[in-house]
Amino acid sequence: MMMGSAEIDMPESSSVSKGKAPLLAAPMNEKGGYKKGIAIFDFILRLAAIATALAAAASMGTSDETLPFFTQFFQFEASYDDLPTFQFFVIAMAIVAGYLVLSLPFSIVAIVRPHAAGPRLLLIILDTVALTLNTAAGAAAAAIVYLAHNGNSSTNWLAICQQFGDFCQKNSGAVVASFLTVIIFVFLLVLSAFALRRH
């Protein structure tokens, strides 16, 4: 009878161990799916950031207006290349858009291999550099656009937006698009940091 009880105990222990195996594997599958969802959202945000960065560069780069009246010696014209700040803005936003396009393959790698920390760490470093450049360009351009709208009596800066309405409208739209790109970059950094923390 002792041998019979031993034979009953052995299959019970094996069944218990077999029953525990799926329970240990389930959280890892859920975690992998969670990381893959973050990577897919990251890819979508990068596409949106490409659109806003290109819109900012294109809007500023095409801002040019000539008033319909002129004199014998002067023609009243406003263009983005009249101001070095706006030139810097166009170049910086073009660089940011180019970087975002080049970052798409790394984002795809993060989707295929959601547990890989290497591509995510590289993206978080490069995103920080691009965010810094984007913020600098947007802030500098915003200061000039503010002066164009309101002027500054202390330094004899005249508000020109009443005369060059289309020019100021394009510049203002470009600045808004650049700050939308900044917001998207912040979300990208938060997602990357969160994915690394959960690794």
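**Helices, a cavity and a pocket in a predicted model**

The unreviewed UniProt entry annotates residues 38–60, 86–109, 121–148 and 174–196 as "transmembrane region", in the numbering used here, and such annotations may be inferred rather than shown by experiment. This is a predicted model, in which local features need pLDDT of at least 70 and side-chain atom pairs count only at pLDDT 80 or more, while totals for chains, interfaces and linings use all residues. Residues are numbered from 1 along each chain as its sequence is written, and side-chain values use heavy atoms, with hydrogens and water left out.

Colleague: How far apart are the end C-alpha atoms of residues 121–148?
Modeller: Helices here are DSSP runs of H or I with at least four residues, strands are runs of E with at least two, and both are numbered from the N terminus. Residues 121–148 are 100% helix and 0% strand, and their end C-alpha atoms are apart by 41 Å.

Colleague: At roughly what angle do the axes of α2 and α4 cross?
Modeller: Axes are lines fitted to C-alpha atoms, for helices over the stretch in contact, and angles run from 0 to 180 degrees between N-to-C directions. The axes of α2 (residues 84–112) and α4 (residues 165–197) come within 12 Å, and the crossing is at roughly 40°.

Colleague: How many nonpolar residues does the contact of α2 with α4 have?
Modeller: Contact means heavy atoms within 4.5 Å, and among the residues making it are Phe89 and Met93 of α2 and Val175 and Phe185 of α4. Ala, Val, Leu, Ile, Met, Phe, Trp, Tyr, Cys and Pro count as nonpolar, Asp, Glu, Lys and Arg as charged, and the others, Gly among them, as polar. By class, the contact has no charged residues, three polar ones and, as nonpolar, 10.

Colleague: How much space lies in the largest cavity?
Modeller: On a 1 Å grid over the protein atoms alone, a cavity is a set of points where a 1.4 Å probe fits but cannot get out, whereas a pocket is an open set with protein on both sides within 12 Å along at least five of seven lines; lining residues have an atom within 4 Å of a point. Grid points are joined across faces, edges and corners, and a volume is the space filled by probe spheres set on the points. The count comes to one cavity of 30 Å³ or more, and the space in the largest cavity is about 80 Å³.

Colleague: Which elements give two or more residues to the lining of the largest pocket?
Modeller: The largest pocket holds about 200 Å³ of space, and Trp157 and Ile160 are among the lining residues closest to its centre. The elements that give two or more residues to this lining are β2 (75–79) and α3.
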